[in-house]
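Hi,

Here is the structure I said I would pass on to you.

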Amino acid sequence: MNSAQPNNARADRTGRTDRIRGLVRLTLANRVSAVYLTVVGGAMAVAAAQPLFGTGPDASLVWVWPALFTFPAFGFVAWLGEAGWGGDAPTWFFVGGIVLSALVQSLALGTVWRVLRGRRDNRRHLTAAH
């Protein structure tokens, strides 16, 4: 940072960085989000490895599981794929949609987790004085 910069410009940049760090922490750095992302990542790894080991006609249906684990947000991605490509959306679109949906839902889970933990912590402070 330049020392000739006004203090409010440095504070704005620091505040923005803190907000980004907070969003990253809510998305990735809590137990609930980590477990959720592990489940979705595991389902995607199994789905990606399925063609190597399975040769049945239903081998491609294994991709239903990652989509179901990310469903509320992935429903919007599926709708966009249908609207944009008429049902023939490329694979990268759906895989990217699963990843993006998992991150959005992980952020929501992290936010709910923080709110619930905050309420629990506040309840402790409302007990009788020691």
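Below is what turned up, starting with the ground rules.

This is a predicted model, so local features need pLDDT of at least 70 and side-chain atom pairs count only at pLDDT 80 or more, while totals for chains, interfaces and linings use all residues. Residues are numbered from 1 along each chain as its sequence is written, and side-chain values use heavy atoms, with hydrogens and water left out.

First, the record. An unreviewed UniProt entry gives the annotation "transmembrane region" to residues 34-53, 60-80 and 92-116. UniProt positions are in the numbering used here, feature names are shortened, and such annotations may be inferred rather than shown by experiment. Residues 92-116 are 100% helix and 0% strand, with end C-alpha atoms 36 Å apart. For residues 60-80 the figures are 76% helix and 0% strand, and the end C-alpha atoms lie 21 Å apart. (Helices, H or I with at least four residues, and strands, E with at least two, are DSSP runs numbered from the N terminus.)

Next, the surface. Val 35, Val 39, Leu 61, Val 64, Trp 65, Leu 68, Phe 69 and Phe 71 make up a nonpolar patch with about 760 Å² of accessible area together. Areas come from the Shrake-Rupley method with a 1.4 Å probe, and for residues only the protein chains shown count as cover. Helices α2 (31-53) and α3 (64-69) each supply at least two patch residues, and the largest share, 4 residues, is from α3. Leu 61 sits in the loop between α2 and α3.

Now the rings. There are 7 aromatic pairs. Why is the pair of Trp 65 and Phe 69 called tilted? Their ring centres are 6.1 Å apart and their planes are at 40°, so the pair is tilted (rings of Phe, Tyr and Trp, its six-membered ring, pair with centres within 6.5 Å; planes under 30 degrees apart are stacked, over 60 edge-to-face, the rest tilted). Both residues lie in α3, 4 residues apart, about one turn of the helix. Phe 93 and Phe 94 pair edge-to-face, at 5.7 Å centre to centre and 75° between the planes. Ring pairs link Phe 74, Trp 85, Trp 92, Phe 93 and Phe 94 into a cluster.

Cheers

Methods:
Patch = residues over 30% accessible without salt bridge, like charges linked within 9 Å, V, L, I, M, F, W, Y side chains within 5 Å. Salt bridge = Lys/Arg side-chain N within 4 Å of Asp/Glu carboxyl O.
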